Amino acid sequence: MSSRIDLQTMTPRWPALGLLLLPSWCAAGWLIHQTSWYWSHKPDMSFGWIVVLLCGFLITEVAPTLPAPRLRWSFPSVVLAVLGLSSLLLFQLYQAAFGTMPASLMALAFGSMAIITANILYVFGASALGTLGFAFYFLLIALPLPSFIQSLVISNLQNFVAMMDEELLNSIGIPAQRQGSVIQLATGRVGVDDACSGFRSLQSSIMAALFIGFLIFKTWGWRIALGFLSIFLAVLGNLGRTFYLCYQGASKGTDAVKGVHDAAGWSVMLFTAAGVGVASWLVLKLQKAQAAYAAEIDDDELDDPPETPKSQPS
């Protein structure tokens, strides 16, 4: 029995795929290595290790569906390979001078994904970018954002949540006044800090929606719709969490907020996960019902062929 690896037919599959995608494995491995410090030392980034496992799972899922290798360079693949290598070189020079920071990791991520894209275009063509490419691109959700971007997102979430809490509390007869991201109550002040902004639940919900949507839905329209739904559910759940904390602070004193803070945080995660799961299940059921209805109509048309017109007597 021959142990020779045939790259054209990808037999055996995984050794052949390992050789064909060697640049992609190296680029992804370097990105994971450089980002792993944040996953190990930042509690809010520890989900990065889960993202790596999910990426591996997605790759094993799409591998049997890949087209036959074509092994042909194109203009986009050459340009992406050059840009990717240039970005990696710039990152290495910057890291040697200033160390690794979230902003510099953006250059590493761009270079790594450019090389991965060029590799996939060379081996399989553009048709594999939506499947195998997505499995690699999924890593990007685990990257730390540059501080100015993260601060901008968190501050906007804090102000929005505090503004909505102020309106809701006043609408039910609880006096509340917003001062930035702090709610002034009669019993004291309740602050919407970074943890209460909803940024972490927003990250987690987007990750779950991308993963579930890719596995369940075949069209990008439903996947994008599920992503927007997950954002809405994360913001809605966090608004409910902060409103509950403010309500507890108004009725039992601000010291009571500490006792329910963590439990309220976990409830947001469960609410968002359940919402994404239920929405995915409902859409999947709807798609199956539509497919069954379309198949039933086709069967009826086959059973009842159109009548041929009778010839008129001359």
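**Close-up views of a predicted model**

At 31% relative accessibility, Arg178 counts as partly exposed. The coordinates shown in each view come from a predicted model.

**View 1. A salt bridge between Glu166 and Arg178.** The structure holds one salt bridge. Its partners are the side chains of Glu166 and Arg178, with an N to O distance of 3.9 Å. Glu166 belongs to helix 7 and Arg178 to strand 1, so the contact ties together parts that are twelve residues apart in sequence. Side chains of opposite charge can pair when their charged atoms come close.

View 2. Strand 1 covers residues 176–179 and strand 2 covers residues 182–185; the two run antiparallel and are joined by four bridges. Arg178, the salt-bridge residue of View 1, stands opposite Ile183 of strand 2. Two residues lie between the strands of this hairpin, and Gly180 in the turn has a positive phi of about 70 degrees.

**View 3. The aromatic pair Phe138 and Phe211.** The structure holds 13 aromatic pairs. In one of them, Phe138 and Phe211 are tilted, with 6.2 Å centre to centre and 50 degrees between the planes. This pair links distant parts of the chain: Phe138 sits in the loop between helix 6 (129–137) and helix 7 (147–171), while Phe211 sits in helix 8 (residues 199–216), 73 residues apart. Both Phe138 and Phe211 are buried. A pair of aromatic rings is described by the distance of the centres and the angle of the planes.

**View 4. A nonpolar patch on the surface.** Which residues form the nonpolar patch? Phe75, Val79, Leu83 and Phe110 make up the patch, and together they have about 410 Å² of accessible area. Helix 4 (residues 75–98) gives the most to the patch, with three residues. Val79 is found in helix 4. With a relative accessibility of 32%, Val79 counts as partly exposed.

View 5. Leu71 lies in the loop between helix 3 (48–62) and helix 4. Most residues other than glycine have a negative phi. Leu71 counts as partly exposed because its relative accessibility is 25%, and the range for this class runs between 20% and 50%.

View 6. Gly48 lies in helix 3. Is Gly48 buried or exposed? Gly48 is buried, with a relative accessible area of 0%. From Gly48 to Leu80 the sequence separation is 32 residues, and the C-alpha to C-alpha distance is 26 Å.

Conventions. Residues numbered from 1 in each chain as written. Predicted model: local features only at pLDDT ≥ 70, side-chain atom pairs only at ≥ 80, totals over all residues. Heavy atoms only, no water. Phe/Tyr/Trp six-rings, centres within 6.5 Å; stacked < 30°, edge-to-face > 60°. Buried < 20%, exposed > 50% of the residue type's maximum accessible area, 1.4 Å probe, protein only. Pairing = 2+ DSSP bridges. Patch = residues over 30% accessible without salt bridge, like charges linked within 9 Å, V, L, I, M, F, W, Y side chains within 5 Å. Areas by Shrake-Rupley, 256 points an atom, 1.4 Å probe, with all protein chains shown as cover. Salt bridge = Lys/Arg side-chain N within 4 Å of Asp/Glu carboxyl O.
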